[in-house]
Amino acid sequence: MSEGTDSRSGGSKNPSLLTVDNLAIRFGNAPANTVDGISFAVDRGETLCIVGESGCGKSISALALMGLLPMPPAKIAGGRVSFDQRDLLTLPAKARADLRGDRMAMIFQEPMTSLNPAFRIGDQIAEGVLRHRAISQADARRRALQMLDRVKIPAAAERLDDYPHQLSGGMRQRVMIAMALANDPDLLIADEPTTALDVTIQAQILELMKTLQEETGTALIMITHDLGVVAEIADQVAVMYAGRIVEQGPVEAIFDDPQHPYTIGLMSSLPSLGERQSRLTTISGMVPTIETMPSGCRFAPRCPFVRETCITRAPELTSMSPGHLAACHFAPLETHMVEAV
Amino acid sequence: MKHFAQDTILETRSLGRNFTRGGGLFQQRTVVRAVDGVDLTVRRGETLAIVGESGCGKSTLARTLVRLLEPTSGQVLYEGSDIAHLAARSMRKLRKDLQFVFQDPFSSLNPRMTVGAIVEEPLTIHTRDGKPARQQKVAGLLQRVGLRPSMADRYPHEFSGGQRQRIGIARALASEPKVIVADEPVSALDVSVQAQVINLLEDLKTEFSLTLVLIAHDLAVIRHMSDRVAVMYLGEIVEIGDTETVYGAPRHPYTQALMRAIPVPAPGLRSMQADLPGDIPSPLNPPSGCRFHTRCRHADANCGTKRPALEPTEGLREVACHHWQKIAASLSPQKQEPPRSAAAAKRFSLYREWSRKNKSKGPSSAPGVTTTQRKDNNA
Ligand SMILES: Nc1ncnc2c1ncn2[C@@H]1O[C@H](COP(=O)(O)OP(=O)(O)OP(=O)(O)O)[C@@H](O)[C@H]1O
Ligand SMILES: Nc1ncnc2c1ncn2[C@@H]1O[C@H](COP(=O)(O)OP(=O)(O)O)[C@@H](O)[C@H]1O
Ligand code: SF4
Ligand code: SF4
Ligand SMILES: [Mg+2]
Ligand SMILES: [Mg+2]
């Protein structure tokens, strides 16, 4: 694979912090790739939202970036990932483990997957710092307290010795953020960090993440299925469907000028907060399983515009406007599709 | 469809439901007042939504309404009679008339029963139909909710979340109920599937003249589906009124905060405000006076001691807040997505038209008819 063939990964000017090039993931002997050639780049201080419905491959993509994919059954079926100009996928396990929790950190949907119920939260944060820094126990504990303060846990000093079960869901997610940011990582990956929370608590957490990101300049990859959250926090957006990115670009372009039929269908399916519509437009049918994955356009079985070409040939991501890409043979639709009769 | 004369079909009076926890040797016994003094009327033919954050008592209220739970205090009246004191025969009618749809399509269906048997069960209990008539009805019900009748001999695990929710709905419809109480019927579903199930519920409601009590936490879903909305906080109703009125000008500070916290899918409107500080207090030890006073920016000394009752305000809306009149003035306008650009609007209408055209072309593209779990080319 030669350098610079992909204009999006921007090899020419300032290289991005993270560049993912054609990453593919496959499980066991599955007949198709579960993640099938996704490419994107994230710069320092930038927020990329990956949005898509459950099962489209958001979480396993994130795990692959972190080096946490369970291999086997999963395997990397192709592609490259470069982080701070290092080739991640060929990095020895030890070196990857050193990056994890230090230069790159991850927050999960369910905080209890990373919090150990048997240890006090202060100790858990401090341990994460000690793992990567040559500092004293006392300094690590001071750092833990500082982090709890930064994520606005009330009476942080008293909370240091709490166990995870003594905290509410929102507080646990704050602790997770404190833990993830304790070593000032360059990249933070957050996998549905607010999905399990109530809206008023979600608003607090999103605001907190935005503020912390502005202060630290951390690059953020936010994974979500909620278009509202995307609109609220993203600079760049990648819309995933069945293991592929079907549309990507700046957040304004995705919402004001969506091009891919799936993106349009998804937005049409959302009930509006404004005037009441008589009926919601839907996407018919459901997501294909790996056994029934179409070989052409993966959205073809559900797409109202499907034609012969779509079934035989997979569409490539094509530029619609600067930085805005869509993978559909017939985008823009208004020039290719006449009114239905 | 608002404001036409409707009588009351279901009503609660000072309804309360407590749960006791602990009380073992080393544990102090504590009481959770999950629902506390709720007065609610459900009008015949309406969709009434109940909204609130996790743990506020929505599911408890919903279950008490259909007597899946007994009240600790107060009453539930169905067609004017207290459902706690029904004779066996009226109880059977109640079970037939009031049906419940559960939140979790993954655990609410008996995994050892076929889908056909699941939908048939209420018919066996509530009708005198013989086996052939029942099976014919099951086929009709499955078809009506967008499933193939040939799927009747499969098991729930062979279906997707959206399909399982359809099965739950078919079962609820089987006894020809008057009222369906649906506890978060679409919360566990992906957006595209959620829209299919919402449309289905709305169609069925019209077709069978149902009254719908809808529990949900998604404010856009409620806006779309309901005629009236009740907002709950820690076991109490804090605001209730016409959906248009409540969304247009929420009066209770909690309703206002809830509305401001929704992220709207429009980046130009980045406006989500986290102006509700702190956590939801524990229902084990709810705040005194107005239960919202620990998080309310309008609270004064009075709020911490005196509990506000629901009182009528303008229109048919009721609010439980000492200071709603004063607060009304500080209202921020309702959030709404801005209109789309001309090119985008064109694409959305093309999508709508082509979807409609395909649907009328044949059943193969009807929602939910394909299976994922089995390859099924000749069924
Ligand atoms: N069987 C039970 N035993 C003890 N406490 C219970 C029981 N059922 C509910 N509760 C408590 O009653 C309160 C209200 O619970 P409920 O399930 O009605 O909330 P909800 O509004 O439906 O929340 P969610 O949005 O999370 O479904 C909570 O504090 C809950 O922990
Ligand atoms: N260990 C596994 N073995 C086989 N398939 C898996 C495994 N883990 C995940 N998958 C499949 O990979 C797909 C993507 O999963 P995931 O990334 O978790 O989706 P999401 O977009 O909801 O985060 C799903 O179809 C899922 O069933
Ligand atoms: S390529 Fe064809 S099937 Fe795929 S989204 Fe475009 S029109 Fe639809
Ligand atoms: S009664 Fe007081 S504390 Fe309660 S909502 Fe009204 S102003 Fe706020
Ligand atoms: Mg996931
Ligand atoms: Mg509930």
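Buried means under 20% relative accessible area, exposed means over 50%, and partly exposed is anything in between, worked out with a 1.4 Å probe and protein chains only. Take helix α10 of chain A: nine of its nine residues are buried, so the helix is largely enclosed by the rest of the structure. (Helices here are DSSP runs of H or I with at least four residues, strands are E runs of at least two, and both are numbered from the N terminus.)

What you're looking at is a predicted model, where local features need pLDDT of at least 70, side-chain atom pairs count only at pLDDT 80 or more, and totals for chains, interfaces and linings use all residues. Residues are numbered from 1 along each chain as its sequence is written, chains are lettered from A and ligands numbered from 1 in the order in which they are written, and side-chain values use heavy atoms, with hydrogens and water left out.

**The enclosed helix**

- The buried residues of α10(A) are A:Pro261, A:Tyr262, A:Thr263, A:Ile264, A:Gly265, A:Leu266, A:Met267, A:Ser268 and A:Ser269.
- A:Tyr262 also belongs to an aromatic cluster, together with A:Tyr241 and A:Phe299.
- A:Pro261 turns up again among the residues around ligand 3.

**Around the ligands**

- A residue is near a molecule if one of its heavy atoms lies within 4 Å of it.
- For the classes, Ala, Val, Leu, Ile, Met, Phe, Trp, Tyr, Cys and Pro count as nonpolar, Asp, Glu, Lys and Arg as charged, and the others, Gly among them, as polar.
- Ligand 1 has 14 residues around it, and the ones that come nearest are B:Ser54, B:Gly55, B:Lys58, B:Ser59 and B:Thr60.
- Sorted by class, that shell around ligand 1 has five nonpolar, five polar and four charged residues.
- For B:Lys58, a polar side-chain atom lies 2.7 Å from an oxygen atom of ligand 1, while a polar backbone atom of B:Gly57 is 3.0 Å from a ligand 1 oxygen.
- Taken alone, ligand 1 exposes 640 Å², and the protein buries 67% of that (areas come from the Shrake-Rupley method with a 1.4 Å probe; for residues, only the protein chains shown count as cover).
- In chain B, β1 (8-21), β2 (30-43) and α1 (58-65) are the elements that give two or more residues to the ligand 1 shell, and α1(B) supplies the largest share, three residues.
- Around ligand 3 you'll find cysteines including A:Cys297, A:Cys303, A:Cys310 and A:Cys328, plus A:His260 and A:His329.
- The ligand 3 shell has nine nonpolar, two polar and no charged residues.
- Ligand 4 is surrounded by 13 residues, the closest being B:Cys290, B:Cys296, B:Cys303, B:Cys321 and B:His322.

**Rings and charges**

- Over all chains, the structure holds nine aromatic pairs (rings of Phe, Tyr and Trp, its six-membered ring, with centres within 6.5 Å; planes under 30 degrees apart count as stacked, over 60 as edge-to-face and the rest as tilted).
- A:Phe305 and B:Trp354 make a tilted pair, 5.6 Å centre to centre with 50° between the planes.
- That pair joins two chains, because A:Phe305 lies in the loop between α10 (261-269) and α11 (308-312) of chain A and B:Trp354 in helix α12 (residues 342-361) of chain B.
- A:Phe305 is buried at 2% relative accessibility, and B:Trp354 is buried at 10%.
- The charged end of B:Lys357 sits over the ring of B:Trp354, 3.7 Å from its centre (NZ of Lys or CZ of Arg within 6 Å of the ring centre and within 35 degrees of the ring normal).

- A cis peptide bond joins A:Met71 and A:Pro72, with omega about -15°.
- Another cis peptide bond joins A:Ala331 and A:Pro332, with omega about -5°.
- A:Ala242 has a positive phi of about 45° although it is not a glycine, and this residue is buried at 5%.
- A:Lys152 has a phi near 60°, and A:Lys152 is exposed at 52%.

Conventions:
A polar contact is a pair of N or O atoms within 3.5 Å; within protein, one must be able to donate a hydrogen and the other to accept it, and residues adjacent in sequence count only if both atoms are side-chain atoms.
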